[in-house]
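Welcome, and please take a look at the model below. This briefing covers its strand pairing and its pocket.

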Amino acid sequence: MERKNYYSGSALEEKVGFSRMVSIGPFIHIGGTTSVQPDGSVFGIDSPYEQTKYILQKLIHLLEGAGATIEDVIKVKCYTTEMSYAQEIAKAYTESFFEVKPLLTIVGITMLNRETQLVEIELETVKVNS
């Protein structure tokens with residue numbers, strides 16, 4: 001099986017040595033992604049719903065760049081700095097994934113990289129038609 005690494009252009013990727021997304025054969029894994037925009041600002045400050053929606057759009061765009069679709073997603077793992085945000089996270093998730101119904105886990109954590117980041121999401125995918 002062929003391995004391919006994908007990068008988002010983050011300076012940390014090169015400095016630390018990680019990829020945003022890795023595909024091996026039909027499997028695609030996307031590492032923790034937040035609502036940081038290309039200019040470095042955080043999208044949706046104070047809104048876990050807006051952050052989740054933005055992150056999921058970023059992740060779906062990454063998948064499409066690897067030849068996958070939303071229907072190939074098998075697992076979504078959300079980290080949040082406050083479990084009381086779970087309902088808002090689930091609302092944004094449902095707007096994208098209700099028909100696909102992958103596994104969903106929401107985990108409460110102490111903090112993310114920036115105080116304004118409320119949500120971080122990872123995806124696991126298997127390309128059905130690979």
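## Strands and pocket

In strand 3, Ile28 is the bridge partner of Ser23. Please keep in mind that this is a predicted model. The notes below begin with the strands around that pair and then turn to the pocket.

**Strand pairing**

- Strand 2 runs antiparallel to strand 3, and four bridges join the two.
- These two strands, strand 2 and strand 3, form a hairpin with two residues between them.
- Gly25 sits in the turn of that hairpin and has a positive phi of about 60°.
- Strand 1 (residues 3–6) is also joined to strand 2 (residues 21–24) by four bridges, and this pair runs antiparallel.
- Arg3 has Ile24 of strand 2 standing opposite.

**The largest pocket**

- The volume of the largest pocket is about 670 Å³.
- Its lining is made up of 22 residues.
- Nearest the centre of the largest pocket lie Ser8, Ser10, Arg20, Val36 and Lys58.

**Who lines the largest pocket**

- Helix 2 contributes four residues, the most to the lining of the largest pocket.
- By residue class, the lining of the largest pocket has 11 polar, seven nonpolar and four charged residues.

Terms used:
Residues are numbered from 1 along each chain as its sequence is written. This is a predicted model: local features need pLDDT of at least 70, side-chain atom pairs count only at pLDDT 80 or more; totals for chains, interfaces and linings use all residues. Side-chain values use heavy atoms; hydrogens and water are left out. On a 1 Å grid over the protein atoms alone, a cavity is a set of points where a 1.4 Å probe fits but cannot get out, and a pocket is an open set with protein on both sides within 12 Å along at least five of seven lines; lining residues have an atom within 4 Å of a point. Grid points are joined across faces, edges and corners, and a volume is the space filled by probe spheres set on the points. Ala, Val, Leu, Ile, Met, Phe, Trp, Tyr, Cys and Pro count as nonpolar, Asp, Glu, Lys and Arg as charged, and the others, Gly among them, as polar. Two strands pair if DSSP finds at least two bridges between them.
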